[in-house]
Amino acid sequence: MLTIEGVNKLAKLARIELTADEEIKFAKEISAILGFVDQLQKIKVADDLVSDDGQENNLRADMVIGISTAEQSELINQAPEVENNLIKTKPVF
Amino acid sequence: MSFSYLTISQVKTGLKHKDFSCVDLVNYYLGQISKQRDLNSFITVMSASALDQAKKVDQKIASRQELDKLEGVPIAIKDLILTKGVKTTASSKILANYVAPYDATVVSRLKEAGAIILGKNNCDEFAMGSSNETSAFGPVLNPWDNSRVPGGSSGGSAAAVAADECVFAIGTDTGGSIRQPAALCGVTGLKPTYGRVSRYGLIAMTSSLDQAGPITRSVEDSAMVLNVIAGQDNYDATASAKRVENYLSALSQNIKGLKVGLPKEYFAEGISSEVAAAISQAIKKIEDLGARVEEVSLPHTSFALAVYYVILPAEAASNLARFDGIRYGFRSEVARNLSEIYHKTKAEGFGPEVKRRIMIGTYVLSAGYQEAYYLRAKKVQNLIKHEYAEVFKKVDALLTPTSPTTAFKLGEKSGSPRGAAGEAGDPLTMYLADVFTVSANIAGLCGISLPAGFDKNNLPIGLQILGAPFAESQILRLAYNYQEATDWHKKHPV
């Protein structure tokens with residue numbers, strides 16, 4: 001059973017601010033969902049995590065490809081606030 | 001010349017023989033979208049660029065140039081997939097004004113093949129949902145009955161195809177999000193094997209399960225689209241290097257002697273009697289066509305949903321951490337410091353279902369719980385994969401219902417808009433809608449849903465065919481033969 005304190009701990013880890021109503025609602029709903037997935041505890045499983053389906057990552061050569069300054073600018077300018085080609089945020093405190 | 005419910009072949013033939021111009025064709029679909037605005041199946045309509053492209057196609061035809069595989073075919077793309085220079089929102093407030101700086105690989109391949117993008121489809125927020133009710137841009141309505149859901153999360157894509165707003169659409173499927181809405185909307189939806197289609201440019205939700213695929217009017221169209229989008233991609237390390245066969249070539253081969261398994265765990269309780277009846281009829285039809293049908297067993301089937309609802313939240317919590325208001329997307333305007341940017345951006349930008357899943361993911365990955373939840377789920381996943389591998393040694397394909405019921409009413413499972421109130425709605429009830437589809441994602445199989453009948457309210461019923469990894473040819477062949485012998489897929493909403 002997830003308590004309000006438990007929900008707040010999760011919210012803090014996930015960096016999501018919750019309202020008081022949300023704390024109550026989510027505690028209840030998440031408890032129910034965790035209760036549902038608890039059925040996995042009953043199953044006998046092997047210790048091995050490796051799957052034998054033969055799929056492998058297709059890696060490319062470990063080389064820098066790079067992008068143009070135009071592309072770079074385009075990406076940086078997606079930020080809500082930009083100054084001197086740097087992304088601007090609020091101060092830490 | 002009627003533009004009504006054209007298939008890819010019909011469009012290509014019509015354009016080539018100059019039965020109609022591409023501009024007229026695109027205007028038809030833009031008209032269809034405009035007339036049916038209430039369905040809310042599109043978040044962005046790209047009229048100007050679509051017409052521009054149409055003019056170029058007409059010029060190409062006039063100068064007798066050779067036409068590409070999907071030249072001039074008007075399509076739609078789920079708004080979870082990046083389209084360069086066009087808003088891509090994931091149906092979330094947090095990306096409401098985000099303009100994608102690049103095309104997803106599926107998009108660039110479709111563009112290279114000449115397809116014309118009409119717009120971006122509404123979907124459940126970050127693909128989290130089974131009814132298209134969690135979208136920040138309002139729910140999508142089922143074209144067969146506007147008081148009902150189209151299914152999800154690719155609800156907008158399925159509705160658009162069913163309502164003749166495009167020739168086909170591209171959706172994504174993590175736990176059934178192509179197949180289930182296809183079933184509820186009476187269209188054909190294919191989830192390729194994980195790794196068959198590149199995930200580059202798909203806004204990642206569950207990186208080990210997500211897969212893009214076509215939602216079409218026919219199995220033949222699915223095969224045509226798969227031919228274009230499948231294959232290795234240097235931008236996606238999980239895209240398989242396995243050769244892409246021609247998915248059209250084996251389609252019309254008959255299915256005499258094909259071994260089809262009916263997993264008994266999929267035919268237990270919880271299915272509506274009308275769905276059960278339609279599937280029974282479909283099984284008989286497939287036997288008439290020469291296939292050998294036998295019962296099989298997949299004992300760990302009942303645990304697939306629990307495995308899914310541990311793995312999905314864990315990976316989604318990681319994937320959605322990037323939406324923090326710093327580099328792109330929405331940033332809270334009331335944040336006074338860095339920490340508040342993170343906390344308030346997510347509080348204001350994400351909907352309730354997204355928050356729920358992020359927090360569950362955080363829990364199952366947290367110290368002290370990771371072993372008991374996430375690692376355990378991965379071990380059970382291996383059990384399930386192994387079980388399917390054993391069954392596919394005995395049969396060539398599996399046949400099941402796609403969804404336990406036909407389309408349910410808006411608000412019936414979600415309780416209130418976006419599932420926000422929680423009192424009348426119960427997230428778990430919504431999760432159960434995926435019970436027949438999640439196994440394919442968990443076990444890395446391919447799967448297709450196709451129309452197999454209607455209930456007494458004239459709501460579509462879907463049949464699901466599952467295949468071993470990379471056995472798309474097998475399931476497409478079975479699906480094609482069934483579809484050729486029936487005409488459920490030719491029926492359309494009034």
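B:A90 sits in the loop between β2 (74–78) and α4 (105–112) of chain B. The residue is not a glycine, yet its phi is positive, about 55°. B:A90 is also buried, since 29 other C-beta atoms lie within 10 Å and 20 or more is the cut-off. The model is predicted, and its scores are ipTM 0.95 and pTM 0.97.

**Backbone features in the loops of chain B**

- B:A127 is another residue with a positive phi, about 65°, although it is not a glycine.
- The loop that holds B:A127 runs between β3 and α5 of chain B.
- B:A127 has 30 C-beta neighbours inside 10 Å and therefore counts as buried.
- The loop between β3 (116–121) and α5 (155–162) of chain B also contains B:S153.
- The peptide bond from B:G152 to B:S153 is cis, and its omega is near 10°.

**Confidence**

- The average pLDDT of chain B is 95, and 98% of the residues score at least 70.
- Residues 420–424 of chain B have a pLDDT below 50; this stretch has 9 contacts in the model beyond near neighbours in sequence.

- Helix α7 (residues 219–229) of chain B is largely enclosed by the rest of the structure, because 10 of its 11 residues are buried.
- The buried residues of α7(B) are B:V219, B:E220, B:D221, B:S222, B:A223, B:M224, B:V225, B:L226, B:V228 and B:I229.
- Just after α7(B), B:G231 has a positive phi of about 125°.
- The axes of α7(B) and α15(B) lie 9 Å apart, and the helices pack at an angle of about 155°.
- The two helices, α7(B) and α15(B), are therefore roughly antiparallel to each other, as angles over 145 degrees count as such.
- On the α7(B) side the contact involves B:V219, B:E220, B:S222, B:A223 and B:L226, which meet B:E472, B:L476, B:A479, B:Y480 and B:Q483 in α15(B).
- The contact of α7(B) with α15(B) comprises 6 nonpolar, 2 polar and 2 charged residues.

**B:Q474 in helix α15**

- Helix α15 (residues 472–484) of chain B includes B:Q474.
- B:Q474 counts as partly exposed, because it has 19 C-beta neighbours inside 10 Å and a buried residue needs 20 or more.
- Leaving aside residues up to four places away in sequence, B:Q474 touches B:D396, B:A397 and B:G467.
- The C-alpha atoms of B:Q474 and B:I255 are 9.5 Å apart in space, while the two residues are 219 residues apart in sequence.

**Domains of chain B**

- Chain B is split into domain 1 (8–298 + 384–490) and domain 2 (301–382).
- The centres of domain 1 and domain 2 of chain B, taken over C-alpha atoms, are separated by 26 Å.
- Between these domains of chain B, 36 residues of domain 1 are in contact with 28 residues of domain 2.
- On the side of domain 1 of chain B that touches domain 2, the elements giving two or more residues are α12, α13 and α14 (438–442) of chain B.
- That side of domain 1 of chain B is made up of 19 nonpolar, 11 polar and 6 charged residues.

**Interface between chains A and B**

- Contacts between the chains involve 53 residues of chain B and 40 residues of chain A.
- In chain B, α9 (304–319), α10 (338–349), α11 (352–365), α12 (371–394) and α13 (427–431) each supply at least two residues of the side that touches chain A.
- The most is given by α12(B), with 10 residues on the side of chain B that touches chain A.
- By class, the side of chain B that touches chain A has 29 nonpolar, 13 polar and 11 charged residues.

**Crossing of α1(A) and α11(B)**

- Helix α1 (residues 4–14) of chain A and α11(B) have axes that come within 9 Å and cross at roughly 95°.
- This angle makes α1(A) roughly perpendicular to α11(B).
- The residues in this contact are A:L10, A:A11, A:L13 and A:A14 of α1(A), together with B:I358, B:M359, B:T362 and B:Y363 of α11(B).
- The contact of α1(A) with α11(B) has 7 nonpolar residues, 1 polar and no charged.

Methods:
Residues are numbered from 1 along each chain as its sequence is written. Chains are lettered from A and ligands numbered from 1 in the order in which they are written. This is a predicted model: local features need pLDDT of at least 70, side-chain atom pairs count only at pLDDT 80 or more; totals for chains, interfaces and linings use all residues. A residue is buried if 20 or more other C-beta atoms lie within 10 Å of its own, exposed if 12 or fewer, and partly exposed in between; C-beta atoms are placed from the backbone. Helices (H or I, at least four residues) and strands (E, at least two) are DSSP runs, numbered from the N terminus. Two residues are in contact if their C-beta atoms, placed from the backbone, lie within 7 Å. Ala, Val, Leu, Ile, Met, Phe, Trp, Tyr, Cys and Pro count as nonpolar, Asp, Glu, Lys and Arg as charged, and the others, Gly among them, as polar. Domain bounds come from an automatic or database domain assignment. Axes are lines fitted to C-alpha atoms, for helices over the stretch in contact, and angles run from 0 to 180 degrees between N-to-C directions. Angles under 35 degrees count as roughly parallel, over 145 as roughly antiparallel, 65 to 115 as roughly perpendicular and the rest as oblique. pLDDT is the predictor's confidence in each residue, from 0 to 100.
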